[in-house]
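The report that follows describes how the parts of one protein model are arranged. Please look at the picture and read the text beside it.

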Amino acid sequence: PLTATGPLVTQAAAAHHAVAAFNVITLEHAEAVIEGAEAAAAPVVLQISENAVRFHHGRPAPLARAAAEAAAHATVPVALHLDHVRSTDLLHLAADCGFTSVMFDAAHLPYEENVTATRTAATWAHRHGLWLEAELGQVGGKDGTGPLDAHAPGARTDPDEARAFVAATGVDALAVAVGTTHAMTSRTARLDHELLARLHDTLTVPLVLHGSSGLPDPELRRAVATGIAKVNIGTALNIAMTGAVRAHLAADPAAVDPRRYLAAGRSAMAAAVTALLGTLAPLTAR
Ligand code: G3H
Ligand code: ZN
């Protein structure tokens with residue numbers, strides 16, 4: 001069923017687990033993520049980014065409503081999250097499209113401006129029954145922006161600043177910069193686990209890890225053990241889907257029916273979701 005995001009993440013945090021949030025660009029992504037989550041018998045978050053909305057000509061409703069409908073029929077809890085929103089106009093559409101939560105992304109702004117914009121977004125979101133995540137620090141790699149080195153001075157989230165940010169904005173969860181970069185196609189990122197532990201000790205809200213495709217399995221598991229409660233993964237799924245489509249088309253150069261190669265891509269994506277959920281599964285369940 002379609003499920004509220006907040007309780008999923010809060011319960012995961014309380015149990016020292018993490019809920020996985022997978023990026024959805026097309027309907028096939030939503031179908032694949034749900035299929036993969038059902039195979040793993042795990043709850044999951046479908047997240048549609050502002051960039052994905054832009055791909056759909058700026059209109060969130062068609063994909064979001066389709067994803068919400070797919071979620072409603074799932075055998076596992078499925079939440080629907082609007083990700084990396086910078087546009088206030090888009091934020092204000094979130095309440096009408098089936099979303100159960102939103103990430104408002106003002107991390108590129110100077111601290112005080114991030115606080116002001118995020119506080120306004122959080123107030124609006126809570127008035128409309130939406131759980132709100134925000135970001136402090138610089139997880140780069142989106143649109144070629146952000147620091148080239150995730151460990152560069154000033155890129156990572158400062159614990160004292162984070163505590164003040166959460167208090168000043170009233171956000172429900174915080175995305176932290178602890179060594180990941182978006183859109184990595186190799187799993188070579190390394191986290192600052194000492195910083196993550198300090199952030200977990202300092203903050204009372206659940207912590208979110210962006211750019212998780214770049215982490216090898218042991219780093220992912222360690223991130224959860226150290227206090228990450230929501231793990232955002234996008235690129236890893238696109239690697240799986242695009243690889244399978246490419247292989248299908250190479251093996252059958254005369255193919256024209258999109259259903260053939262999209263089915264191959266969707267199956268590969270579902271398998272990738274199941275594998276990642278296995279990596280993130282509580283130790284007791286493994
Ligand atoms: O918000 C989305 C995630 O941070 C996905 O990042 O594509 O690098 O896995 P990724
Ligand atoms: Zn992200």
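A crossing of two helices is called left-handed if the near helix is turned anticlockwise from the far one by less than a right angle, and right-handed if clockwise. This is a predicted model, in which local features need pLDDT of at least 70, side-chain atom pairs count only at pLDDT 80 or more, and totals for chains, interfaces and linings use all residues. Residues are numbered from 1 along each chain as its sequence is written, and chains are lettered from A and ligands numbered from 1 in the order in which they are written.

**The barrel**

Helices (H or I, at least four residues) and strands (E, at least two) are DSSP runs, numbered from the N terminus. Strands β1-β2-β3-β4-β5-β6-β7-β8 form a closed barrel of 8 strands with parallel pairing; two strands pair if DSSP finds at least two bridges between them. On average, neighbouring strands of this sheet are turned by 25° against each other, direction ignored. Strand β1 (residues 19-23) runs parallel to strand β2 (residues 44-49), and 3 bridges join them. In this pair, N23 stands opposite Q47 in β2.

Helices lie against the sheet. Helix α2 touches β1, β2 and β3, and its direction makes about 165° with that of β2. Helix α6 (residues 111-127) touches β4 (101-104) and β5 (131-136), with its direction at about 170° to that of β5. Axes here are lines fitted to C-alpha atoms, for helices over the stretch in contact, and angles run from 0 to 180 degrees between N-to-C directions. Two residues are in contact if their C-beta atoms, placed from the backbone, lie within 7 Å.

**Helix against helix**

| Pair | Angle | Axes |
|---|---|---|
| α2 (residues 27-40) and α11 (residues 258-280) | roughly 40° | within 7 Å |
| α2 and α4 (residues 61-72) | about 20° | 9 Å apart |
| α7 (residues 159-169) and α8 (residues 193-202) | about 35° | 9 Å apart |

Angles under 35 degrees count as roughly parallel, over 145 as roughly antiparallel, 65 to 115 as roughly perpendicular and the rest as oblique. The axes of α2 and α11 cross at roughly 40°, which makes α2 oblique to α11. Their crossing is right-handed. Residues of α2 in this contact include E28, H29 and E31, and those of α11 include L262, G265 and R266. The contact residues divide into 11 nonpolar, 5 polar and 4 charged. In this count Ala, Val, Leu, Ile, Met, Phe, Trp, Tyr, Cys and Pro are nonpolar, Asp, Glu, Lys and Arg are charged, and the others, Gly among them, are polar.

With an angle of about 20°, α2 and α4 are therefore roughly parallel to each other. α2 passes α4 in a right-handed crossing. L27, A30, E31 and I34 of α2 meet L63, A66, A67, A70 and A71 of α4. These residues divide into 8 nonpolar, no polar and 1 charged.

α7 passes α8 in a right-handed crossing. P159, A162 and R163 of α7 make the contact with R198, L199 and T202 of α8.

**Around ligand 1**

Which residues are the closest to ligand 1? They are H210, S213, N232, G234 and T235, among 15 residues that surround the ligand. A residue is near a molecule if its C-beta atom, placed from the backbone, lies within 6 Å of it. β3 (78-85), β8 (228-233) and α10 (235-251) each supply at least two residues of this shell. The shell divides into 4 nonpolar, 10 polar and 1 charged.
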